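Please report on the fold, the helix packing and the salt bridges of this chain.

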Amino acid sequence: MAGVDGACTGPTGSSSAPAPVPAAAGTADPGLPAAPDEPGDPATGEVRLPNRPESARTARRLARSVLLARWGLPVPLAEDTVLLVSELVGNAVRHTGAQTLGLRMRRQRGRIRVEVRDPSRGLPCLLPVRELDISGRGLFLVERLSDRWGVNLLPYGKTTWFEMRTEEH
């Protein structure tokens, strides 16, 4: 279920939504301040990550720490959530042209919400997945493992999010 109607970015990166405009060297993307040296804590505020493949690993580490050490959630829930964090961050790195992206995690009674923000207004697209496909499974996993997910368009980009139920009520 996508959170907005409209075009989605396909496997070639084409979209009828506005394409991301790469920022000039040394400038930040609109709406996203430059990434700090230390990532921070996604449970207390948005953590900015650079647009590099290593950012998915950093996001997994941060999410795992919040889910297990801080919030004390069950390991299976944490593992599924960490996988989905990695998929959303990986998609943002591969498809948005952003210099930086944002990661935020929130816990509310009975659920957790993970948000990945980037400056592209190109919408992610849930593609059909075949058994032998070696890529394109990210949103398929988000659709299957999360309780809800969607996209919120922003004046300068979008936030792709998912929610997971927790056992507390």
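The accessible surface of the chain comes to about 9,200 Å². Carbon and sulfur atoms own 52% of that surface. Areas come from the Shrake-Rupley method with a 1.4 Å probe, and for residues only the protein chains shown count as cover. Buried residues make up 41% of the 169 residues; buried means under 20% relative accessible area, exposed over 50%, and partly exposed in between.

This is a predicted model: local features need pLDDT of at least 70, side-chain atom pairs count only at pLDDT 80 or more, and totals for chains, interfaces and linings use all residues. Residues are numbered from 1 along each chain as its sequence is written, and side-chain values use heavy atoms, with hydrogens and water left out.

The chain holds three helices and five strands. From the N terminus, the order is β-α-α-β-β-α-β-β. These elements are DSSP runs numbered from the N terminus: helices are H or I with at least four residues, strands are E with at least two. A contact means heavy atoms within 4.5 Å. Among contacts between residues at least 6 apart in sequence, 66% join residues at least 24 apart.

**Helix packing**

Two packed helices are described by the angle and the distance between their axes. Here the axes of H2 (residues 75–95) and H3 (residues 138–145) come within 9 Å and cross at roughly 145 degrees. Axes are lines fitted to C-alpha atoms, for helices over the stretch in contact, with angles from 0 to 180 degrees between N-to-C directions. The crossing of H2 past H3 is left-handed, that is, the near helix is turned anticlockwise from the far one by less than a right angle. H2 brings Asp 80, Leu 83, Leu 84, Glu 87, Leu 88 and Asn 91 to the contact, and H3 brings Gly 138, Leu 139, Leu 141, Val 142 and Leu 145. The residues of this contact divide into seven nonpolar, two polar and two charged. Ala, Val, Leu, Ile, Met, Phe, Trp, Tyr, Cys and Pro count as nonpolar, Asp, Glu, Lys and Arg as charged, and the others, Gly among them, as polar.

Ala 78 is also found in H2. Ala 78 is buried, at 3% relative accessibility. Ala 78 touches Leu 67 and Leu 68, leaving aside residues up to four places away in sequence. Ala 63 is 15 residues from Ala 78 in sequence, with the two C-alpha atoms 8.2 Å apart.

**Salt bridges**

The structure holds 10 salt bridges, each a side-chain nitrogen of Lys or Arg within 4 Å of a carboxyl oxygen of Asp or Glu. Three of them are listed here.

| Pair | N to O distance |
|---|---|
| Asp 41 and Arg 70 | 2.4 Å |
| Arg 52 and Glu 54 | 2.9 Å |
| Arg 113 and Glu 115 | 2.9 Å |

Asp 41 lies in the segment before strand E1 (47–50), and Arg 70 lies in helix H1 (residues 54–70), 29 residues apart. Arg 70 is partly exposed at 45% relative accessible area. Arg 52 is partly exposed at 44%, and Glu 54 at 34%. Arg 113 and Glu 115 are both buried. Shared partners join Arg 106, Arg 111, Arg 113, Glu 115, Arg 148 and Glu 163 into one salt-bridge network.

**Around Arg 104**

Arg 104 sits in strand E2 (residues 100–108) and is partly exposed at 26%. Beyond residues up to four places away in sequence, Arg 104 touches Pro 42, Gly 45, Glu 46, Arg 113, Val 114 and Glu 115. Gly 45 is 59 residues from Arg 104 along the chain, and their C-alpha atoms are separated by 6.2 Å.

Conventions: Buried means under 20% relative accessible area, exposed over 50%, partly exposed in between (1.4 Å probe, protein chains only).
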